[in-house]
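Please view the sequence and the model first, and then consult the points below, which are grouped by topic.

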Amino acid sequence: MVVVCIGLARAPFAGAADSSADSLREALAVWQEGLQTVSTISSDFVQEKRLALFRDPLVIRGRLHLSTDGRFAWETHWPVRYKLVVAGGRVRQWDEETDRVQTISMRDNPAVSAIHAQMSVWFSGRFEELADAYAVELASAQPVVFVFKPNADTPAAEYLESVEVQLRPDGHYLDRVRILERSGDQTSISFLETVLNPDLPAETWDVQKMSAGLPTQAVAAPALRSE
């Protein structure tokens, strides 16, 4: 694997010093090119979280929505109903159990802020936004797999070991993400039924509005694979 600053994505590809750097730049370029015309994204997801202290994983199903203007909505439909919306520099969240909306500042929640920043980059291709905080490795060329590692002395480095991002076979869009925390916890997220440039209605960003047709029973998480 080659470790290169994310800033390489904005440098001329022809000037790379070796074939490993060339491969990384080319893979980033293909990914970025596929997202140039994308302004909104919706995708189902299956999240599997493995806690260091427990044997069995926690599986969550839901849907996410993202706009390149910075808005982000994360809905979980099973086994609990929950929604988090990031917009205008603040985070609002709702859960079915309390039926209450809470508002928190991005500055007061660095974990949410870091995940929101990375999601925005992964789905928009604006890699330069992470250039000061992360290095990137090309771990595999087929399927394309990148590993993002936080630089030392950054807030993310305090709790995050790495983020592994696997693309679909065409190299343009996300297939899965695997997050490794310093605590030993691991989170894998598979993206399914991804729709590019959907027309997102206003209720998408309403923290208490949930999607229709929610799952009502347990469904096994699919294998983490490219399709």
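A residue counts as buried when its relative accessible area is under 20%, as exposed when that value is over 50%, and as partly exposed in between. By this cut-off leucine 174 is buried, because its relative accessible area is 3%. The model discussed here is a predicted one. Its protein chain has 227 residues, and buried residues make up 45% of them.

**Overall architecture**

- The secondary structure of the protein chain consists of 2 helices and 12 strands.
- Read from the N terminus, the order of the elements is β-α-β-β-β-β-β-β-α-β-β-β-β-β.
- Among the contacts in the protein chain with a separation of 6 or more, 50% are between residues 24 or more positions apart.

**The surroundings of leucine 174**

- Leucine 174, buried at a relative accessible area of 3%, belongs to strand β11, which covers residues 174–181.
- When neighbours within four places in sequence are left aside, leucine 174 is in contact with Trp31, Trp122, Phe123, Val165, Gln166, Leu167, Arg168 and Phe191.
- Leucine 192 stands 18 residues from leucine 174 in sequence, and the C-alpha to C-alpha distance between the two is 9.3 Å.

**Strand β9 and its partners**

- On one side of the pairing scheme is strand β8 (residues 134–141), which runs antiparallel to β9 and is joined to it by 7 bridges.
- Together β8 and β9 make a hairpin, with 2 residues between the strands.
- Strand β10 (residues 160–167) also pairs with β9; the two run antiparallel and share 4 bridges.
- Here valine 147 has glutamate 164, in β10, as its bridge partner.

**Aromatic pairs**

- The structure contains 3 aromatic pairs.
- One of them is formed by phenylalanine 45 and tryptophan 74, whose rings are stacked, with 3.9 Å from centre to centre and 20° between the planes.
- Phenylalanine 45 is in strand β2 (residues 40–50) and tryptophan 74 is in strand β4 (residues 72–78), so this pair ties together parts that lie 29 residues apart in sequence.
- Phenylalanine 45 and tryptophan 74 are both buried.
- Tryptophan 74 also pairs with phenylalanine 72 in a tilted arrangement, at 6.4 Å centre to centre and 35° between the planes.
- Phenylalanine 72, like tryptophan 74, is buried.
- Through these ring pairs, Phe45, Phe72 and Trp74 are linked into a cluster.

**The second largest pocket**

- The volume of the second largest pocket is about 200 Å³.
- Its lining comprises 12 residues, and those nearest the centre are Ala114, Ala133, Tyr134, Pro155 and Ala156.
- By class, the lining of this pocket is made up of 9 nonpolar, 2 polar and 1 charged residues.
- Helix α2 (residues 110–124) gives the most to the lining, with 4 residues.

**Backbone features in loops and segments**

- In general, most peptide bonds are trans, and most residues other than glycine have a negative phi.
- The peptide bond from tryptophan 78 to proline 79 is cis, with omega near 5°, and proline 79 sits in the loop between β4 and β5 (82–87).
- A cis peptide bond also leads from glutamine 142 to proline 143, with omega near 0°; proline 143 is in the loop between β8 and β9.
- Aspartate 153, although not a glycine, has a positive phi of about 70°.
- The loop between β9 and β10 holds aspartate 153, which counts as exposed because its relative accessibility is 82%.
- Asparagine 197 likewise is not a glycine, yet has a positive phi of about 55°.
- Asparagine 197 is located in the segment after β12 (186–196), and its relative accessible area of 38% makes this residue partly exposed.

How values were computed. Residues are numbered from 1 along each chain as its sequence is written. This is a predicted model: local features need pLDDT of at least 70, side-chain atom pairs count only at pLDDT 80 or more; totals for chains, interfaces and linings use all residues. Side-chain values use heavy atoms; hydrogens and water are left out. On a 1 Å grid over the protein atoms alone, a cavity is a set of points where a 1.4 Å probe fits but cannot get out, and a pocket is an open set with protein on both sides within 12 Å along at least five of seven lines; lining residues have an atom within 4 Å of a point. Grid points are joined across faces, edges and corners, and a volume is the space filled by probe spheres set on the points. Ala, Val, Leu, Ile, Met, Phe, Trp, Tyr, Cys and Pro count as nonpolar, Asp, Glu, Lys and Arg as charged, and the others, Gly among them, as polar. Two strands pair if DSSP finds at least two bridges between them. Rings of Phe, Tyr and Trp (its six-membered ring) pair if their centres lie within 6.5 Å; planes under 30 degrees apart count as stacked, over 60 as edge-to-face and the rest as tilted. Buried means under 20% relative accessible area, exposed over 50%, partly exposed in between (1.4 Å probe, protein chains only). Contact means heavy atoms within 4.5 Å.
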